[in-house]
Amino acid sequence: MKQTIWKRITSLMLVWVLLVSMIPAALADETGIKVTFEQESISMKVGEKKTLKARVIKDGAEITGASVIYTSRDAERAKISESGEVEALAVGSVTIVAIYEAEGKKTEGICQITVTEAASGGVTALSVTPT
């Protein structure tokens with residue numbers, strides 16, 4: 001009788017260990033790759049330029065030298081260059097996307113940008129002519 005109980009307990013423990021070990025794999029995406037920006041959201045003023053940096057992470061470590069394609073979901077509000085330089089063009093919200101492709105699968109990361117009016121007034125240029 002004692003051997004039967006120990007066999008059942010051992011079997012249940014083995015099943016539990018197998019199930020627990022499979023949980024992280026079930027929760028991760030198929031590739032284990034994430035694309036993240038240094039900041040998930042930023043604010044900019046019309047006419048301002050900033051450089052964004054997307055990082056490609058696999059299994060918790062950054063993939064050095066990974067290449068991403070940047071795109072703007074509303075190029076009338078903000079445009080982004082191949083190198084990640086964003087230029088704010090018009091007031092509103094815009095999503096910038098960084099796309100990493102490997103083995104035929106795409107992974108995206110996003111950065112939300114809020115564009116506000118540029119500060120008005122003040123001196124923007126000064127010219128002095130000697131007399």
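Tutor: Strands are DSSP runs of E of at least two residues, numbered from the N terminus, and two strands pair if DSSP finds at least two bridges between them. The model is a predicted one, in which local features need pLDDT of at least 70 and side-chain atom pairs count only at pLDDT 80 or more, while totals for chains, interfaces and linings use all residues. Residues are numbered from 1 along each chain as its sequence is written, and side-chain values use heavy atoms, with hydrogens and water left out.

Student: Which residue is the bridge partner of Val 94 in β10?

Tutor: The bridge partner of Val 94 in β10 is Ile 113.

Student: Is Ser 72 buried or exposed?

Tutor: Ser 72 lies in strand β6, and its side chain reaches the backbone oxygen of Ala 78 at 2.7 Å. Its contacts (heavy atoms within 4.5 Å), not counting residues up to four places away in sequence, include Val 94, Thr 95 and Ile 96. Buried means under 20% relative accessible area, exposed over 50%, and partly exposed in between, with a 1.4 Å probe and protein chains only. Because its relative accessible area is 18%, Ser 72 is buried.

Student: Which residue forms a salt bridge with Lys 53, and which residues are linked in the network?

Tutor: A salt bridge places a side-chain nitrogen of Lys or Arg within 4 Å of a carboxyl oxygen of Asp or Glu. Lys 53 forms one with Glu 62, the closest N and O atoms being 3.9 Å apart, and Arg 55 forms one with Glu 62 at 3.2 Å. The partner of Lys 53 is therefore Glu 62, and the residues linked in the network are Lys 53, Arg 55 and Glu 62.

Student: How many residues apart in sequence are the parts that Glu 108 and Arg 73 tie together?

Tutor: The side chains of Glu 108 and Arg 73 meet in a salt bridge at 3.3 Å, N to O. Glu 108 lies in strand β10 and Arg 73 in the loop between β6 and β7 (78–80), so the parts tied together are apart in sequence by 35 residues.

Key
Helices (H or I, at least four residues) and strands (E, at least two) are DSSP runs, numbered from the N terminus. A polar contact is a pair of N or O atoms within 3.5 Å; within protein, one must be able to donate a hydrogen and the other to accept it, and residues adjacent in sequence count only if both atoms are side-chain atoms.
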